[in-house]
Structures are given as structure tokens and as C-alpha cells.
Amino acid sequence: MSFATDLFLPSGTYDLINEANQQSVTCSDNQGHDYGRLTASGAGSKWSITLLSEKKWIIQSSAENVSPALPPDPEEGDDLLLQPYQRQPHLWVIKRRKNSSNSYIIYSPKQPDLFWSIPGVSDGSQVTLSRGGNEMSSWWSFRKIEDESDLQQEILSVERPIHSAIVENKVTLVIPAGWRISISAISFGECLNLIRINRVVNRVMEKQSFISGWDTTEQPMVIHENGMNAYAAPAHAEPSVFVFEFFHSKNKRTRDPLSLAERGDHSLNLRITTAERSNGVKDIPDHQTFWVFDGGIPPTSSNSSPGNNALLIVQSMKDDDGIDYVDPGNPAPGTTNPGFNDVLDMPRPDSIDAYLSNYDIIFIIDDSSSMRGARWAEVRRALLQLSKEAMQYDADGMDVVFLNSKMHKESIADPAEMLAIFDMVQPRGWTYTGAKLKVILDRALKRLDDAVGTPGYADIKPVDIVVLTDGAPTDDPAAVIAEAIERLEMGKHHLNAVGIQFVQIGDEDGAREALTSLMNCPIRKMVDTIPYTQALTPQRLSEILLGTLHPSIRTAIEQKTSVALRSCPICCSDDIPEYDFPRFPPTSRCQHKPLACRDCLAQHLEAQLFSQAVVLEVNCLNHPCSEKLGYDEIKQWATPECFNRYNSVAIRQRLAEDPNFVWCLNVKCDHGQTHPLAHTSPIVQCSWCFKKSCFTHQLPWHEGLTCAQFDAVRTDAADQEEAKRLIDSTTQTCTKCKQKIERSAGCDYMTCRCGHGFCWRCGATITHDEIHGSTNHLPTCPLRR
């Protein structure tokens, strides 16, 4: 997880130290009346602290199976309680203080104004709740007391998915980097089932729970947090560790499957089997499947579940399709304007506060009459929770608009603001999704178009438009989306500049089909649709916002799975995928469609750039187009190696046009500099090698002599004349930069260090291809035709 930095305390085992009195926190003995209190002690104590993906922490005593919790109706001065580490341990926020490297405050998201504090200074002082977040008694430091580097190294070295031995009711799987995973579970009935999933990536934990009730017989179990039947995780750059905990009960009086963990109803009869790809089958991606059976004996053909309670199925597959489902990478050359926001090339955020800070989020709320009642309340609760997250982490807010109402609010990051605008709107009217989308998209696209070529282009965040709706649109949003896609393509804006998510609320007839059809665009997959599966809870909405793929990744998947082939007239290949051709002609001034594939265009540039003397422009490859590719276009289409060579020569050409620019005369140095005081101060000292030279004489500096004195002592005219004849016979003067150039061997075509090309015999400006027989030679040149 990208946010697991020093700003967010990573998972591990720590000693909690209060900064006011330098006392550690330990569990007190409360003579069996309850589970005790948190108290100050001179002796350190081990606390297991786990960072969850939603940026909350679980704090648990490593010695005792207890965790801190709020008292009922907490107020300032109340003591913190200890409770058994159960199915729902209390979640805490551990927030680093500003301008501090290891000083934190601890509070509950349910009571963000009450902080952990130790007001006393002696052993046995209770940890209480205080409103003094700026007081040192509420500041805490964390001393790491356990090194897990060996375990971490062992996890990093795993190349294929592996499982550990079964320990009581737990099974651990390690999934290597680059493998994606899908998890499902089946209940065989006659019991309650609970399977807890704890996934750790880079010391950050995600928690999910499969549950099933008494009426679930040979049917999929559902995930408690989102109502889905499967858990999917994309491939990551780091390995993932999954810890599965199994619980079941056949006690008919037990009704809540989530209570099984607290009750201690562990499943102690687990079996695990695996299957992997056969070595003889190489035409499908590498994969491995794990089946974990809870109870009973292995199934037979006559009885699919003899005594089994539940079955967990873990399917892992190596990403061999060349698509990174997390990191979008850089756009293809020539497809995108330069200078865009760096966030567009980064993976999707993995936390709500990062999402709110790095994206412009616009919620379009369906306030048509069909949204009245429970659906309207679902949307209200979900958006309220998002605004709380924005306030808690000082993140930017979100914009909220409605399909029918003219009410709208920008940058909402306060729950009170969210409630104020939401409660002023009552659902009524029709579902004019297309009309509202057009207003939002026009505004976003105009901002992009106006900023192209300016520094402000880099400041434009990616725009995520989230449409919360329950029914099929009354108008035609497909036409609006198609028009926006065409404008984005013509404007060469980044594939991830604008994204649209349709989140279906409720299961109205025809709504799923109508919304899903909006995804069918062959150019760029700007639209994603989330069909209805269950009520829209705050957690469900967060998972939707963070779990969607970048438009560029969806586009790559579409191109890979439905590949159209084209022929290239340059290399004569007729089986080149469509995505290996440029989407645009080589220049914005070209009036033709792209003709050559990317490889041929890159090879054309390299041949043109390094077979001519004039390298600042290159002819378009498409005959008879007369347009020329300039610096920015060459940068877009050339290979990195070719562009670096071109860039070096182009810089030298530009510098040679400056009369005050001089190259260092040290043969071991390849640097130069501008010397604007040439006539008053002829000494040039290289800023790279520090060697001195004379600007007037273009010689190493005559130490101890001024230029006039140097000229005076050069009295031997015969020697000077002989030296001049020698220089004239072995060098030529570049007609562009006027520097002497020497030919040691080779043909009569010369290329000066400034990049200018000319004929050695007559000095005429010429290209390499024109050296023999061209009329561009001077009339007296023997090489002239």
C-alpha cells in the first residue's frame, strides 16, 4: 500500500510511550472484576499494532488477548477499557503530529475530539480520555521492539503461491508479486459459517468476512462488508499474505455468524488440497488453485459434501497478458499532450483521503422520483461517511450536483456541509442523466483545452464523475459520452484525464442493461458501470471508488482481448495489432490518417536524423505530405535512444548560432559555455574542467601575457606562415560556426561538431546523400555533376 510510510505507523510490535512522563503503557490487573485498565508503567510492554487498509489501527496486547476500547458514553476524564480481542475490535486513528518524526496522537473515529492521555506521572496512572490534543500528556511515541526482516525476506523470495501448515483454525497463503487472486466460498448447510480473510500487503491489512446463515445450503457465501459472492485482488508489485480463519456452529440458538469468533466456535477439522498448471500446458497463463474444506471427509461422486460445513476456493493466476492492472504506465508516444499532471500515470489511490486529494470527484446524484425512500437514505449515509473521511485526514473535498435540482456544492469536506445541501433536495422528476453529464463534461473539457501548452495543464487533476442512479436514463447519455470521447481524442488529452462511473442503486428493470451499454466504446474505455448487488453502504461506496480500473487500463484490456489487425505498407506486414499504430498522424498539421506502424515511423526518424546535416526537422513519412516534424513531435515518436542523440546535436546547432558561445579547447572535455565579456575579458575558464583558454585566439590561455603581449612575441613570421599553411592544408573552416575542422580519413562529406554538414573540397552546404554528383556543389568542385 502506497500510504504505508512514516506518516502512517506501519504494522508491527511496539512499546507505547507517553512523551510527558516517559512511561510505557501496560495492562493493569483489576482483580477479575473486568479485563482491567490501561496504566502507566516503567516497564515496557508489547503491543501488536495492525494498520488496516482504511487507515485505521487495531491495538492488541501481545501478552493478553485484549484490546483497548472506549467506555460507554465516553467523556473527558474517563478511563480507557480493555476488552477481549473479539470479532470487532475497536478501531483507532494514530495520526502523526505535524513537524514531528515520531510523535503521534491516538483517538477513536467515533470520538475524534477525545485523545489518549496520561495526566499523572507515577506508575499506575490510568490512560484516560482528554480534549487536550496539543498537550504533551496526549503525545505518544512508538518504539519498535520486534524485527521481522527474516520473515519479510522469506516472503519476498516466494515465486509461486504456497500455503502453510494448518494451525488450529487458520490457514496462511503467500501470493507472489505479479499474481492476481479470486476467492469464493460455499456453505453446505446445517450450520452457521464464518470465514475471516486477513490480507497483508506491505504491512497493511485488509479484512473481509464470508458469512452464511442456516438457510444457505450448497450456495455461495457472501462477504459481510459488501454483499458480494467473491473477493478479487489484482496483482501487486509486492507479495500478499492471506490468513484465513474458519468458524462454524451447529447450535440452533446461535443466529449471528459474526458472533462465532467471539464465542470461540473454531473449525478444527480443516483439510487443504491444491492443483496447478501442468508442465505440458504452456498456452494458458500459469495458475494454482487451493481448496480448503471445513470438516467432514473428502467428497465423492455420490455425495458432494459428506459432513462438510464450508469450502473455501482460492484461485491464483500469474499476469502473463502484459497488462499491469494497477500501474497504468506512460501513454504511447504521440497520443498525449506533454506537460500533463503526473497523477495520471500513477496507480489508483488505495485510500479515500488520497483519492479525495489527488482527484476532482464530482458526484451526480439521481434525484428523480424513483429514488424516494430507502435508496435516498442509502446515498445520504454513504456520502456523509466520505465527507467525514475528508475532514479526518484534511483531504480535499468533493463536488455534489443533482440531475433535477439546481442545488450544488463544491469541495465538500465537512459532514455538516454535506447534510445541509443534501437535505435541501427531495427526489422528483425524471432521469435526465445525459443533460447533466453534458454540462459537467463540457466544463471539464474546456478547462483541459484552454490549458494545453501552458504550465497550468500540469495542475489539472484527473476528473472522476460518479453517477449514483437507480434507473435507466430518460435521455441519451451515450451520445453525450461519445461526443466527449471524440473531443478528448482530438485534443490529445490523457486517457485517464476523465473517467465516469455509473453506480446502480436498486435493481429496477432494464437499468442494468441500459447502464452497461454505456461502456461500449471502441476508442477509450472512459466509462465503468457497477451493477446493483446490495444496499449502498459507506464501505461499499469506498470500495467502488478505489477498486475501479484506470480508463487506460480498461482500454488496454479491451485492445488485448479484441485485437483488430492492420497492414503496414512500409514493412509490408499484414498482421500488426491496431494498437501498434499511432492514433494520430505524425504532426497536427498533417491532413492524412496514420499510415505506418510505430516501429516504421521510429526507424524513419532515425534514418532521417542521422543521414543528413540539418537535423532540426524531419519530413513526414506519408508521401506526398510535405509537413515536417519539429522538436516536440520527434520527441513523441522517436525511440528514447534516437531522441537523446538528436537532442544533443540539436542543442549544439542552437548554441553555434550564439557568437558568444565557445567550446572548451581541452580535448578531454566536451563542454562549452557562453562568454558575453569576450572583448573586455578574453580569458574563458571552463565551468566543467576549469581549463583556461583565450577567446580571441581560440588557443589555450597564454599565461602571464595579455593578448597584445602574446601577439607581440609571435615575431617569427616564417614559422607563423608555415603553421598557417599546415593548418590550411589539413583543416577546413565550418561555414556555419567558423571553427576549424580537421579530416583524418574518410570521404569528402564533413560534419562539424555544431552539426553542420558541408563538402570538404568546396565548402558548400550539402547532405551526405548529395556528396557525389549533386549540383549543390560549387561550380569549381570536382564532385559537381
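## A buried aspartate and its partner

D15 is buried, at a relative accessible area of 3% (buried means under 20% relative accessible area, exposed over 50%, and partly exposed in between, with a 1.4 Å probe and protein chains only). The model is predicted: local features need pLDDT of at least 70, side-chain atom pairs count only at pLDDT 80 or more, and totals for chains, interfaces and linings use all residues. Residues are numbered from 1 along each chain as its sequence is written, and side-chain values use heavy atoms, with hydrogens and water left out.

D15 forms a salt bridge with R143, and their closest N and O atoms are 3.4 Å apart (a salt bridge is a side-chain nitrogen of Lys or Arg within 4 Å of a carboxyl oxygen of Asp or Glu). Because D15 lies in strand 1 (residues 12–18) and R143 in strand 12 (residues 140–144), the pair ties together parts that are 128 residues apart in sequence. Helices (H or I, at least four residues) and strands (E, at least two) are DSSP runs, numbered from the N terminus. R143 is partly exposed, at 45% relative accessibility.

## Other salt bridges

The whole structure holds 19 salt bridges. One of them joins the side chains of E76 and R131, at 3.8 Å from N to O. This pair links distant parts of the chain, 55 residues apart: E76 is in the loop between strand 6 and strand 7, and R131 is in the loop between strand 11 (128–130) and strand 12. E76 is partly exposed at 46%, and R131 is partly exposed at 44%.

The side chains of R160 and D286 also meet in a salt bridge, at 2.5 Å from N to O. R160 sits in the loop between helix 1 (149–156) and strand 13 (162–163), while D286 sits in the loop between strand 22 (270–276) and strand 23 (287–294), 126 residues apart. R160 is partly exposed at 26%, whereas D286 is buried at 12%. Salt bridges that share partners also join K438, D442, D449, E483 and R487 into one network.

## Helix 7

M490 belongs to helix 7 and is exposed, with a relative accessible area of 65%. The C-alpha atoms of M490 and T335 are separated by 9.7 Å, although the two are 155 residues apart along the chain. After helix 7 comes K492, with a positive phi near 55°.

## Positive phi elsewhere

D73, a residue other than glycine, has a positive phi near 45°. D73 is in the loop between strand 6 (66–69) and strand 7 (81–84) and is exposed at 69%. S411 has a positive phi near 55° and lies in strand 27 (residues 408–412).

## Cysteines

A search of the whole structure finds 0 disulfides (a disulfide is a pair of cysteine sulfur atoms within 2.5 Å). The sulfur of C597 is 3.6 Å from its closest cysteine sulfur, in C600, which is too far for a bond; C597 is buried at 5%. The sulfur of C664 is likewise too far for a bond, at 3.6 Å from the closest cysteine sulfur, in C689. C664 is buried at 9% relative accessibility.
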